[in-house]
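Good morning, colleagues, and thank you for your time. Please look at the structure on the screen while I describe its parts in turn.

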Amino acid sequence: MTIRVCSMKKYTKNLLLTILFAFQCATAFSDEIPGIVPNIPQPDHRNVIVQLFNWKYKDIEKAIPALRSYGYSHIHVSPPQRSSESIDQWYARYQPVDYNEISGPLGNENEFRQMNDTADKYDIKIIVDIVINHMAAGNYFTLDSQGNMIDEKYPDFSPRDFHPYLPLRNWNDTNELVNGWIFEGGLPDLDTSSPGVRKKLNRYLMNLIAMGSDGFRIDAAIHISPDDLAAILHGIPADLLVFCEIANKDPAIMKRYYDKMPQLDFYDFTLLNTMNHAFAPGGDLRALINPAANSKALPGTKAVTFVTNHDIDRGAANPQVGISGSDYNIPKDSRHLAYAYILGRQQGLPYVFVDMKNPKPSIDAFPDETIDRPEILAGIRFHNLSLGMPERWLDNGDNPTG
């Protein structure tokens, strides 16, 4: 494939087709797949993740046939364990109460299993979001005057399974980063150095695999040491896709983990930051030519390349519940370009975010994040058809984008 990087003074979403894709798919539409010319062949291979954020498992099961025809290979689903019942918001899924029970607003264990079974029939992998760093906030625990937990209501744990109260405020302090309680001390931090805690978390992952799950997205992985995470993942089959959320643009941080666990992949926050600067006014598109060679992206074999995910999307709507910094929030008028870029290259495993549908978010900065966006589906088809083909960059010099 040829990816053209050219001088320009103004860019629009049409560049999705005319510059990066070089793929004439907007002139006609199939009756079945938006954005795809009817005579464009189905690819033999698929290599794109879709995040169906906070979707019910029944709704995901119904969507699987369409997602298969669109070219997705994996579905990232929200955490299934029983979670906080005191919060009527999506982030309750990220406050576990009991890993032994699959239940909550997204569905029960039977619905979770049926979703996995249907995905298997359509050769789609289910990637489960797992939250193993902390437990639920609120009235689930009691602390003494020294910050030690003396009582808790988590069925599988005891007070000694938690670190003492330590609000995480200094992200440059390794002790606070790993042992601190995140969200200003609101979420009780599991002592993942404990063999008993590790065993219980590992059992949870093995149970998810037994229910048909094909991999994991590890929430808040930066708050778990590489040694602890390796112990928790012990025995997980090597062919499962496991990728970590480490919201940091420094590739050296991720390297600490994949040196210990070569099987791990990671959200490529490094590349996200690079794209953000390249597509900004005054940016230089040449930064996107082989960015991993210049520490501007993770190595392709380690990278889940993305434009946004639920933390960034929700952070744009409410900075208190997500990632809102300028390093990672690509503006709306550049998102088409960013998707074109990650779907137009060989390196990395592309990832597409699809927002909540039932219920829809009350505040939504990007309301068009659906499963059937024509420009995204065209990019997925191009990406899958181009897998394994040589990649060539054309560069005509200075590349100001302002």
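I begin with a pair of helices: helix 2 and helix 3 cross in a left-handed manner, where left-handed means that the near helix is turned anticlockwise from the far one by less than a right angle, and right-handed that it is turned clockwise. Helices (H or I, at least four residues) and strands (E, at least two) are DSSP runs, numbered from the N terminus.

Before I continue, a word on the source. This is a predicted model, in which local features need pLDDT of at least 70 and side-chain atom pairs count only at pLDDT 80 or more, while totals for chains, interfaces and linings use all residues. Residues are numbered from 1 along each chain as its sequence is written, and side-chain values use heavy atoms, with hydrogens and water left out.

Returning to our pair, helix 3 covers residues 109–121, and its axis lies 9 Å from that of helix 2, at an angle of about 15 degrees. Axes are lines fitted to C-alpha atoms, for helices over the stretch in contact, and angles run from 0 to 180 degrees between N-to-C directions. Helix 2 is therefore roughly parallel to helix 3; angles under 35 degrees count as roughly parallel, over 145 as roughly antiparallel, 65 to 115 as roughly perpendicular and the rest as oblique.

Which residues of helix 2 meet helix 3? They are Y57, K58, I60, E61 and I64, and their partners in helix 3 are E111, F112, Q114, M115, T118 and A119. Contact here means heavy atoms within 4.5 Å.

Let us turn to the barrel. Eight strands form a closed barrel in the order 2-3-6-9-10-11-12-13, with parallel pairing; two strands pair if DSSP finds at least two bridges between them. From one strand to the next, the twist averages 25 degrees. Strand 2 (residues 49–52) and strand 3 (residues 74–77) run parallel and are joined by three bridges. Helix 2, residues 57–70, packs on the sheet and touches both strand 2 and strand 3, its direction making about 165 degrees with that of strand 3. Within the strands, Q51 stands opposite H76 of strand 3.

The axes of helix 11 (residues 332–343) and helix 12 (residues 374–386) come within 9 Å and cross at roughly 15 degrees. These two helices are therefore roughly parallel to each other, and the crossing is right-handed.

Two local details deserve mention. The peptide bond from N358 to P359 is cis, with omega near 10 degrees, and P359 sits in the loop between strand 13 (349–354) and helix 12. F183, which is not a glycine, has a positive phi of about 55 degrees and belongs to helix 5 (residues 182–185).

Finally, confidence: pLDDT is the predictor's confidence in each residue, from 0 to 100. The chain has a mean pLDDT of 90, and 91% of its residues reach 70 or more. Over residues 2–30, however, pLDDT stays under 50.
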